Amino acid sequence: MSEIIKQIKDLIQYRHLLWDLALKDIKVRYRTPTLGFLWAILVPLIMVFIFKFVFSTILKARVENYPFFIYLMTAIFPWSYFSSSINAATDSIFSNRELIKKTHFPRQIIPVSVVLADLINFLPALIVMFLILVFFRMQFTIFILLVPLILLLQTIFTIGLALIVSSLQVILRDVKYIVQLLLMAWLYLSPGFYSLAIVANFSEKFLKLYILNPFVGLFTLYRIAFLKEFAETLPSGVNIYGLSAWTIIICISVFLLGLLIFKRYESRFSDLL
Amino acid sequence: MRAIKLENVGKRFILTYPRNRVIKGFLSSFPGQKLATEFWALRGINMEVEKGKVVGIIGRNGAGKTTLLNILAGISTPTVGEVEINGRVSCLLTLGAGFQDELTGKENIYLNSSILGISRNEINKKYRSIVEFSELDGFLDSPLQTYSQGMRLRLGFSVAIHMDFDILLIDEILTVGDVSFQKRCFDKIEEFRRQGKTMVISTQSLDIIERLCQETFLLENGEIAQKGCPEKVAARYLELLNEKRLPETFQRRYGKLKWWADKRFWEKKEGSKEARIVEVQSYNSKGKQTDSFKMGEAVTVKARFITYEEIKEPHFGIAIFRDLLLWAEYLL
C-alpha cells in the first residue's frame, strides 16, 4: 500500500512532466495532418455515423424514447476516448524506450500521460456532443452535472488498464494483438448500440453477469447524465444505485491493480527494451 | 559522510530475442537451470564513495562502466546486491536524452528539465542562465530537428548542469564537442569540485583520470580489477592494455609508444615535398631532451629539415595534441 501511495505522490510531484509529455503527444499527433485537431472530433463522429448506418439503416435497430443517433453518440464518444487511450498506451513504454533507457523518472508517467493526452483530445469532442444534443433539442436535467465525475471515473479506470497493458507489452510482445481483439469484443459486449432491455429479454441470468462489465455502468451513467429520464427506461433487473456503486468500486480497483502490476515490472523495463 | 555505497552488486543481462526470453525465462526459473545466453555485465562490485570526492571509473569498451553508471543513476536495477545512494543524482550520461525533435529548443528545455525533476519555478529562474551557457540564444524557437549535433549537446549539457544535485555522474562526454565547449565542461567540473559535489566520471582516458580524480576504480570484465589512487590504477590499466594486445591505434594513444615521434605516422602525411622535416626534438628549460613537461615550463623545440629547393619565406607550425589526438594549442 505504501508503494502505491509513493507512486501516486510521484505522479503529483512530476505533474509538469506529465503535462509536458501529454502536450507533446498532442502536438506531435496534429502537427502533420492537414485537418489537424479536427480529427479529434471527426474520428468519433464518423464512427457514430458508421454504426448508425449499419445498425439503424440496414438492420433497422431501434431504441425507445431517443433518436438512435443520440443514443449511439452518448456511448461511442466516451468509448473512442477509452479505446484510443488503451491502444496508444499499449505501445507507450516501448516507443519511449530512449527516455527509459537513458533517464530516471517515475515510469508510470508515460502511460498516464498518454491517457491524459487522449483526455485532452476528448474534450472538444465532448463539447461537440453537447452542441449536437442542443441541436436535436434534447432536454437536459440536473444530472448533466455528473459528467465530470463520470469522466473522472472512466479516466481512472483507463489509467489503471493503461498501466497494465503498457507494462505487460514490454514483457510479452503479443499483448498488443490481444488488446486489439479484446477491445473489439468489449465494445460488442457493452450496451453501445443496443439497450440493456434487449439483454434482459435475451436472458435475465446473463444480464446479471453482463452488468459486471464496467462499461455497462459507465455508458448507463453517461446516458443518465445526457438523456432525460433515462434511468426509467432501464430493465427491472438493473438497480441503478447498485450499478453505480459497482462501477465506482471496479474503476478504483483496476486503477490500484494497474499501479501494483506496473510497480512489479517497472524495474525490468530498461533491460527488456 | 558516504554518498554512494555498493555492496556485492551484480547485473545480469539475458541476450536473446524477446520472444525466446519468455520461454527461456520460464525454464530458467527452475533450480539448477542456467541460461546459455546470460551475461554478467557486473559482478561482485563493492564500492564506497565519500561525499565530495571525485571518483573515476576506467576500463576498456565493454568493461561495464556504463552499466555501473546506469545502476548509480537508478535507470537500471542490479540483479543482485545492495545500492545505497545519499543525495540527489544528476547524470551527464547521454546528453539530451528525451529531447523531442518536433518541439522547439525552448520547449525541450522545459521538457528535459521536468524529466530531470526540476520544478517549474526553478526552471523559470534558471532559464536565462541555461540559455546563456548553451549559447543558443536566437535558435530557441526553432524545432530541434534543425539543430546540429553540437547544438543539441550544448543544450543538453546546459540543462543537466543547472539542476541542483549532490552527486553528478559523467559518462565519456568530455571527449565530445569542440575544444571551447570541452574547456567549459572542464571548468564547470572544476567549479563543482570546489563546491564539494560528489562526482563519478567514467572514461577511457587516463588523461581525464589524472587531471580530475582522487580515487579510481579499474573495471575489467565487469569486476573491479584495481582501485586506489589514479597513478596506481593507471599503471595497471596500461598493463592490461598491453596484455590484451590492442590494436596499434590504441597503443599509440595509451602505450609508452611516442606516436608523435613515430616516423610511420608522419610519413603518411603528404606535402608538396619542397622540404622534409627529418627530426624533431623537444627540450625542457634546463636544456635536457625530454617529452614530458611541467605546467608553465618553457619548451624548446628543435626541428631539422632538408630543403630540395630554395624557399624564400619558410613558415613553421607546431601543433600540440592531448593524448586523445585532440587539438590542444596551435602555435606559429
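Biologist: What percentage of the contacts in chain B with a separation of 6 or more comes from residues 24 or more positions apart?
Modeller: Bearing in mind that this is a predicted model, residues 24 or more positions apart account for 68% of those contacts in chain B.

Biologist: And how many helices and strands does chain B have?
Modeller: Chain B has 10 helices and 13 strands, and of its 332 residues 31% count as buried.

Biologist: Switching to the contact between the chains, how many residues does each one put in?
Modeller: Chain A gives 21 residues and chain B gives 21 residues. On the side of chain A that touches chain B, the elements giving two or more residues are α2 (15–31), α6 (97–102) and α14 (269–272) of chain A, and the largest share, seven residues, comes from α2(A).

Biologist: What sort of residues are on that side of chain A?
Modeller: They divide into seven nonpolar, five polar and nine charged residues.

Biologist: Now for helix packing, how do α4 and α7 of chain A run relative to each other, parallel or antiparallel?
Modeller: The axes of α4(A), residues 68–90, and α7(A), residues 109–135, come within 9 Å and cross at roughly 165°; because angles over 145 degrees count as roughly antiparallel, that is how these two helices are described. The crossing of α4(A) past α7(A) is right-handed.

Biologist: Which residues make that contact?
Modeller: Among them are A:Phe77 and A:Tyr81 of α4(A), together with A:Leu119 and A:Phe122 of α7(A), and the residues of this contact divide into 16 nonpolar, two polar and one charged.

Terms used. Residues are numbered from 1 along each chain as its sequence is written. Chains are lettered from A and ligands numbered from 1 in the order in which they are written. This is a predicted model: local features need pLDDT of at least 70, side-chain atom pairs count only at pLDDT 80 or more; totals for chains, interfaces and linings use all residues. Two residues are in contact if their C-beta atoms, placed from the backbone, lie within 7 Å. Helices (H or I, at least four residues) and strands (E, at least two) are DSSP runs, numbered from the N terminus. Ala, Val, Leu, Ile, Met, Phe, Trp, Tyr, Cys and Pro count as nonpolar, Asp, Glu, Lys and Arg as charged, and the others, Gly among them, as polar. A residue is buried if 20 or more other C-beta atoms lie within 10 Å of its own, exposed if 12 or fewer, and partly exposed in between; C-beta atoms are placed from the backbone. Axes are lines fitted to C-alpha atoms, for helices over the stretch in contact, and angles run from 0 to 180 degrees between N-to-C directions. Angles under 35 degrees count as roughly parallel, over 145 as roughly antiparallel, 65 to 115 as roughly perpendicular and the rest as oblique. A crossing is left-handed if the near helix is turned anticlockwise from the far one by less than a right angle, and right-handed if clockwise.
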